[in-house]
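Here is a structure to go through by question and answer.

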Amino acid sequence: GEDYPHEVSDNMQERNAASGNTGKQAAGEAAAWMVDDGSVIGLGTGSTTAYAIKAIGRRIDEGLDVLAVVTSYQSEMLAIEAGIPLTTLAEHPELDIAIDGADQVDADLNVIKGGGAAHTREKVVAFSSEQFVVVVDDSKMKEKLDHFVPIEVLPYAKDLVMRCVRELGGEPQLRLASRKDGPVITDNGNFVIDASFGVIENVEALAISLSMCPGVVEHGIFTDVTDMVLIGNTDGSVTRL
Ligand code: 5RP
């Protein structure tokens, strides 16, 4: 078959090894090889997906024909730089495959996302796609999810949502751009509340409860949508789940 998958410049590889990014790169590039010619794809956000976007760009240079819907200004810039032609969900409401990173993944393919504050559009794209492929390095795999849950909220509703989180047994924190700056503003013009729940015993129940709180635009728990997880290991190998 095709060359699989590493066609990366040497110093890039060194930098990744030095910064512990080898697993992310391996997973991202493996996902790029899952894209079929003539398909419409969804591009997630974050450093792991960035490797997929760059690798898809290299495949386009070699003749691959795709159209992509992005999930953030970050992935839009990367996709344009990589030469990937863009489209919109309005033009292509049904995608063939979407590729995205995650903050944590369990063995049942439940996922927590939103570390990059892009999870609302990412969830829309994931559910619009025939196939949703998650790319992570092996540090993101957990038997039980215990990562904080990013929640995009209407600024108007932030205190109500914080109260909802506390009532659900969580510890809410408004995400700030830095210690001295104001709140992080999402691409949709909203705030993000990071909610710690410790070990999440019932992922689906928490997902439903969070969605019921008025002012929640979208939370970062993805259930029943992931079809495949590509896990990049530190030695550069990829495990498929
Ligand atoms: C953005 C996300 C990212 O996919 C997630 O934070 C993982 O990022 P990275 O690949 O940089 O570790 O959900 O909202």
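Q: What radius of gyration does the protein chain have, and why does it agree with a compact globule?
A: This is a predicted model, in which local features need pLDDT of at least 70, side-chain atom pairs count only at pLDDT 80 or more, and totals for chains, interfaces and linings use all residues. Residues are numbered from 1 along each chain as its sequence is written. The radius is taken over C-alpha atoms, and the globule rule is 2.2 Å times the number of residues to the power 0.38. For 241 residues the rule gives a value near 18 Å, so it agrees with that of the protein chain, 18 Å.

Q: Which residues of α6 are buried?
A: Helices here are DSSP runs of H or I with at least four residues, numbered from the N terminus. Buried means that 20 or more other C-beta atoms lie within 10 Å of the residue's own, exposed that 12 or fewer do, with C-beta atoms placed from the backbone. In α6 (residues 158-167) the buried ones are V161, M162, C164 and V165.

Q: Which helices each supply at least two residues of the shell around the ligand?
A: The ligand is surrounded by 18 residues (C-beta atom, placed from the backbone, within 6 Å). The closest are G46, T48, G101, G115 and G116. At least two shell residues each come from α3 (47-61) and α5 (119-127).
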